[in-house]
Every structure is written in C-alpha cells, then in structure tokens.
Amino acid sequence: MKINVIGGGPSGLYFAYLARKRLGDVEVNVFERNAPDATFGFGVVLADAGLLRLEAADAESFRRIQRITKHLSNQDIVLNGQAVTIHGPDYGGAVERLELLRVLQGLCAEAGVTVIHNADITDPATVEDADLVVGADGANSTLRERYAGAFGTEKGLLSNAFAWYGARMTHDRPTLSFRDAPGGAFVAHYYPYTSTMCTVVMECDRGAWQGCGFDAMNDDQRMAFSQQLFAQDLKGQPLVSNKSEWRNFVPIRNANWTHGHRVLIGDALRRAHFSIGSGTRIAMEDAIALIDALALQQGDVARALPQYVTTRRDTDRLTEAARQSYMWYEDMARHMAAARSPRDFAFGYLTRTSRVDADRVASLYPRFMADYRAEQAGAA
Ligand SMILES: Cc1cc2nc3c(=O)[nH]c(=O)nc-3n(C[C@H](O)[C@H](O)[C@H](O)COP(=O)(O)OP(=O)(O)OC[C@H]3O[C@@H](n4cnc5c(N)ncnc54)[C@H](O)[C@@H]3O)c2cc1C
C-alpha cells in the first residue's frame with residue numbers, strides 16, 4: 001500500500017507516523033513545502049482532554065510531546081486592566097510549534113516515513129499515484145481547492161482581525177486581556193509555552209480596526225499600536241513577529257470529507273478558531289480517526305474512508321464550540337459593555353459555548369463560581 005500525504009504540519013506528520021506504526025508494510029511519503037525548521041506562529045495550547053486522547057492513541061509520541069510541554073494551570077480574564085483568576089484543574093499545556101514539528105519529524109524518521117521538504121505541491125495530480133492521498137496541507141489546502149466542487153467547500157470571513165505574535169516574557173498562566181479602544185475593542189490572548197516565551201494573539205473588532213486607524217497602517221504600525229495598548233500585559237516587552245500579518249479568520253467547512261481516494265484532515269478539512277485553543281488537537285485527532293478506520297478495515301481505503309467520516313463526525317464536538325466561540329468574539333465590545341463587573345464578564349466568557357453552562361462552570365471552577373454567586377447575591 002502507498003500513501004501520499006500533502007503537508008508536513010502536525011496532522012500530516014502525526015498521521016504518517018501512525019500509518020507506519022499501525023498499518024504494517026506501507027509506503028508513506030509526506031510532501032512539505034517548507035524547510036524542516038520553518039514554521040508559522042509560536043506556541044500552541046494542547047488542552048488536557050486532547051492530551052489524553054493522544055496518550056490513548058500512541059504512548060511513545062505522547063511521552064515525547066509531554067517532555068516539551070509547558071504545563072499550565074489557572075487562567076486570568078482581564079477586563080480593562082482588572083483581572084479575575086479562574087482557579088481550576090490543570091489546563092493542559094502549551095508546546096512550541098517548531099518543537100512539536102521536530103518531535104513528529106523525529107518519530108516519522110524512526111518509523112520509516114519519507115518526508116520530502118521544500119516540496120510545494122502546486123498540482124495535486126503529481127502525487128495522486130497512490131492508494132490514498134491525504135490532504136493535510138492546512139487552511140489554504142491545494143488539494144481541497146483543486147477539488148472544491150467535489151468536497152463541497154464553503155468559506156466564511158469573520159469581521160474581527162488578528163495577528164499571531166510572540167513575546168519574551170515570563171508569565172505563568174493563559175490570559176485573555178480585553179480592552180476598550182477607540183471605536184471598539186481589542187483582546188490579547190497570551191500564554192507561556194516555554195519559561196521565557198509567550199504566544200500573543202492580538203485581535204480587534206471591526207469598530208476598533210476603523211476607530212484606531214488600522215486600515216491606513218501597515219503591519220509594523222499595527223504591531224507598534226497593539227504593543228502600546230497592551231504594554232501593561234506585556235510587562236513592557238516588545239512583541240516579536242514571525243512574518244505576523246493582520247488578517248481576518250476564514251472559517252472553512254466541507255460537505256464531503258473525501259473524494260475518491262483523497263481525504264482531508266486538520267485545518268484543510270475545517271478550521272477551529274484559535275479562541276478555543278484546540279486546532280492542533282483536532283487536527284491530530286483527525287489523524288487518529290483516519291488511522292483507526294484504516295486499521296479496522298485492514299487498509300481497504302474504499303471501506304475505511306466512509307468509516308472515518310462517520311466516526312469522526314460523531315466524536316468532533318469542538319468544531320461547533322469553535323463556531324459559537326468566534327461568534328462571541330465578533331460581538332465582544334457589546335459583551336464588555338453589558339458586563340456588570342469583571343467577574344460577570346468572565347462568567348459570560350466561560351459560558352460562551354453550549355459545551356459549558358453554569359453547572360459545568362461550578363464543577364470545573366468551584367472557587368470562581370462561589371465568588372460569582374456571592375457577588376450576584378450582594379448585587380441583588
Ligand atoms: C493565531 C492562531 C493561534 C492558534 N493557537 C492554537 C492553539 O493555541 N492551540 C491549538 O491547538 N491550535 C492553535 N491554532 C490552530 C493550529 O495552528 C492549527 O489548527 C493546526 O496547525 C492545524 O494543523 P494542520 O497540520 O492541519 O495544518 P498546518 O499546521 O497548517 O500544516 C499544514 C502544512 O502543510 C504545508 N503545506 C501547505 N500547502 C502545501 C503544499 N501545497 N505543498 C506542500 N506542503 C504544503 C504547510 O507548510 C504546513 O506545514 C492557532 C491558529 C492560529 C491562526
């Protein structure tokens with residue numbers, strides 16, 4: 001059996017490694033357009049439930065990912081400088097994206113996967129001579145675009161804009177800092193992924209984009225503006241750019257996940273908004289689901305692909321949560337204005353998706369909920 005994978009990001013590499021490990025005598029090739037040490041972004045959160053699924057799927061890769069994970073607990077939600085701490089169970093951890101890719105590249109090499117770097121697949125037909133072609137080539141997937149009609153691809157465009165930065169600062173917990181700004185609102189999502197580095201995702205709504213003059217600025221000026229607005233959060237440190245561009249998030253969904261012997265996984269299939277910090281985990285879980293189906297059907301692609309689609313559609317609860325989450329962010333200025341206190345705002349934030357209601361907040365974060373209820377009773 002021969003499998004060609006387009007894209008050597010987390011989903012493509014993890015799938016390729018698992019394929020060699022679980023499917024036996026199979027040729028697996030990964031075509032990645034970048035060099036081995038190139039990547040976008042900085043660190044990514046891998047929340048605890050996701051880590052457990054990785055452990056169940058493959059103990060060795062889990063162990064190696066654990067070694068590079070910075071574990072996080074508690075979370076701060078800050079409204080115009082006033083912080084509310086959400087004490088809770090371990091938040092999972094964060095890993096440097098480049099380190100995660102290195103671990104997965106190492107596992108692939110040991111397992112006998114052929115990873116071809118600097119291979120930009122502009123025409124998928126060049127790699128379709130295989131029993132299975134896996135589109136793991138991210139949000140701008142060439143495979144998906146080539147067969148957009150057959151996949152039934154639909155794209156949206158959010159009105160909030162964002163840019164992915166880093167910052168050299170020591171900080172011990174994931175933080176969301178919301179700030180009023182001329183015309184609208186900004187939020188900085190930041191969390192540590194090593195002892196000295198934080199990921200910082202800056203986001204602003206359409207009102208702030210216009211009110212702060214972002215449409216007339218270039219990305220350097222936007223970075224300088226955001227840095228100044230969040231100077232207190234950044235502890236005076238400058239933002240670090242990795243070709244960081246301001247853009248609008250494009251949600252993607254595909255009515256059909258497969259087309260013939262081609263299948264989409266990860267961001268190529270659908271993008272989970274960064275506000276739920278789970279895109280990498282969802283992408284890696286897709287890889288697990290696809291491998292499980294192939295293993296169960298003993299490599300019979302025609303039987304395995306429908307099985308992958310059915311089981312994965314059933315188990316993926318996060319994609320809808322991601323949609324609800326970005327809808328909340330699109331309206332963040334109104335939520336900020338309507339909040340009676342920073343704690344009330346934090347409660348609204350925690351319950352922004354249908355996955356978490358007041359009872360779930362109480363079970364996950366009893367200390368926060370007790371304080372919130374006391375505050376509500378005092379106000380009544
Ligand atoms: C601002 C921001 C913050 C995020 N934060 C988090 C977070 O905290 N936690 C989390 O879990 N997720 C986060 N994500 C999401 C996460 O980055 C993605 O969901 C994840 O990377 C998806 O993995 P993937 O392998 O499917 O795609 P990608 O990581 O995009 O990998 C695709 C790979 O394919 C390659 N490729 C593309 N086209 C071609 C081609 N034509 N030929 C060959 N190779 C090609 C690319 O170079 C890339 O290496 C964030 C995303 C953003 C934008």
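Predicted model: local features only at pLDDT ≥ 70, side-chain atom pairs only at ≥ 80, totals over all residues.
Reader: Why is N118 called exposed?

Author: N118 has 11 other C-beta atoms within 10 Å.

Reader: Where does N118 lie, and what is its phi?

Author: N118 sits in the loop between β6 and β7. Its phi is near 55 degrees, a positive value in a residue other than glycine. Strands are DSSP runs of E, at least two residues, and helices are runs of H or I, at least four residues, numbered from the N terminus.

Reader: Why does N80 count as exposed?

Author: N80 has 12 C-beta neighbours inside 10 Å, so it counts as exposed. N80 is in the loop between β4 and β5 (82-96). Phi of N80 is near 45 degrees, again positive in a residue other than glycine.

Reader: What makes T353 partly exposed?

Author: T353 has 19 C-beta neighbours inside 10 Å, so it falls in the partly exposed class. T353 lies in the loop between α13 (342-350) and α14 (358-364).

Reader: Which residues does T353 touch, beyond those up to four places away in sequence?

Author: T353 touches A321, Q324 and S325. Contact means that the C-beta atoms, placed from the backbone, lie within 7 Å. For T353 and I276, the C-alpha to C-alpha distance is 9.9 Å, across 77 residues of sequence.

Reader: Why is β11 called largely enclosed?

Author: Of the 9 residues of β11, 9 are buried, so the rest of the structure largely encloses this strand. Strand β10 (residues 175-181) is mostly covered, with 5 of its 7 residues buried.

Reader: How do you know that β10 and β11 pair?

Author: Two strands pair if DSSP finds at least two bridges between them. β10 and strand β11 (residues 184-192) have 7 bridges, so they pair, and the sense is antiparallel. F178 stands opposite V187 in β11. L176 has H189 as its bridge partner.

Reader: What makes β6 and β16 the edge strands of the open sheet?

Author: The sheet has 6 strands, in the order β6-β2-β1-β7-β17-β16, with mixed pairing. β6 (114-116) and β16 (258-259) each pair on one side only. Further in, β7 (residues 132-135) and β17 (residues 262-264) pair in the parallel sense over 3 bridges. V134 has V263 in β17 as its bridge partner.

Reader: Which helix packs on this sheet, and at what angle to β2?

Author: α1 packs on the sheet, touching β1 (2-6), β2 (27-31) and β7. Its direction makes about 170 degrees with that of β2. Axes are lines fitted to C-alpha atoms, for helices over the stretch in contact, and angles run from 0 to 180 degrees between N-to-C directions.

Reader: What is around the ligand?

Author: There are 35 residues around it, and G7, G9, G138, G266 and G279 come nearest. A residue counts as near if its C-beta atom, placed from the backbone, lies within 6 Å of the molecule. Elements giving two or more residues to this shell are α1 (10-22), β3 (43-46), β9 (161-168) and α9 (279-296). α9 gives the most, with 4 residues.

Reader: Which domains supply the shell around the ligand?

Author: Domain 1 (2-39 + 53-68 + 95-156 + 250-321) and domain 2 (161-248) each give at least three residues. The bounds come from an automatic or database domain assignment. That assignment also gives domain 3 (335-379). The C-alpha centres of domain 2 and domain 3 lie 25 Å apart.

Notes:
Residues numbered from 1 in each chain as written. Contact = placed C-beta atoms within 7 Å. Buried ≥ 20, exposed ≤ 12 C-beta atoms within 10 Å, placed from the backbone.
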